[in-house]
Amino acid sequence: MEISVATDQEWHIIRYSAGDKERWDRFVRRSKNGTFLMQRDYMDYHADRFADFSLMAYRDGRLHALLPAHCTATEFCSHRGLTYGGVVTDEKMTVALMLELFWEIFRYLRTYTSVGKWIYSPVPYIYARYPSEEDLYALYRFGARLSGRKVSTVVPSATAWGISTLRRRKVKHAVREGLSISRDEDFSAFWKVLEGNLMERHQSRPVHTLKEIMLLHHRFPQQILLYRVCRAEGRTVAGCVLYVTERVVHVQYIGSTPEGRACGAVDLLFHHLIHEEYKDVPYFDMGTSVEEGGRVLNEGLIFQKEGFGGRAVVYDTYEMEV
């Protein structure tokens, strides 16, 4: 499906280049839905893996929007090195302007690329500082097809429901075991636990290497944080890496040893983070509990998260024919 958009204003779409870094980052910081993941120091750490094809959209000489993206031979994609990556906008963006922008991006892709599909992953509403779902309406108008839906479990901190009886028992067990929680920079200790956990339970590895996550923490020391759950002697039995934005604390990685699972280490950690450490942040996102792009639900994993009062927020992916 394609629509015709009439406009008497001139749009100018350009591809991002390194010389645009300062302007790009400045726009992300003042946008209504951008986060530090869209800043170039985060996006560019894996530039060797993704052929960046991010776009900057000007209208009458003013920068109106950014689109973090990359290209393959056949697809133009919201940047797959990011958890989400739709159009980043400021307060000037309206529904009518978004329709114009989509039309201009389609024209740009047809002129300068040979891709057949546009794969689009909008920014979930919980991250936005101001309503910004103009792109969802544009997706509908341009005939986008929902191609993926991941379910994340989110606790609205200010109105969090009480935790379940099972989770409460697990927290009390962890307290009796004398476990302690520390925020530090010992990523190496946690990464051993995480890698072992993922290999044992999912036959997979973390998306980031230890070297990469330490680099990103160095670049974003207040946004990428490590918490470890330890025995009295300092041995790590569980932990998590958090991505902290203005409105959302997102659990990027979480892992525990068999010993940690037996004594409720993750339950203790979640309870502390939700009800103490980040009780003033609007949303605590415990991450997705799906496999195969959302087609399989990990019921055991989501049951644990929902026991803390979390409920579903979806991370969607759409496809459009170019």
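Student: What share of the 322 residues in the protein chain is buried?
Tutor: This is a predicted model, where local features need pLDDT of at least 70, side-chain atom pairs count only at pLDDT 80 or more, and totals for chains, interfaces and linings use all residues. Residues are numbered from 1 along each chain as its sequence is written, and side-chain values use heavy atoms, leaving out hydrogens and water. Buried means under 20% relative accessible area (1.4 Å probe, protein chains only). On that cut-off, the buried part of the protein chain comes to 54%.

Student: What radius of gyration does the protein chain have?
Tutor: Take the C-alpha atoms and the globule rule, 2.2 Å times the number of residues to the power 0.38. For 322 residues a compact globule would be near 20 Å, and the protein chain agrees with that, at 21 Å.

Student: How do α6 and α7 lie, oblique or roughly parallel?
Tutor: Helix α6 covers residues 187–202 and helix α7 residues 210–219, and they pack at about 135 degrees with axes 10 Å apart. Angles under 35 degrees count as roughly parallel, over 145 as roughly antiparallel, 65 to 115 as roughly perpendicular and the rest as oblique. So α6 against α7 is oblique.

Student: Which residues of α7 make the contact with α6?
Tutor: Contact means heavy atoms within 4.5 Å. From α6 come Phe187, Ser188 and Trp191. Facing them, α7 supplies Leu210, Ile213, Met214 and His217.

Terms used. Axes fitted to C-alpha atoms, helices over the stretch in contact; angles between N-to-C directions. Helix = DSSP H or I, 4+ residues; strand = E, 2+ residues; numbered from the N terminus. Buried < 20%, exposed > 50% of the residue type's maximum accessible area, 1.4 Å probe, protein only.
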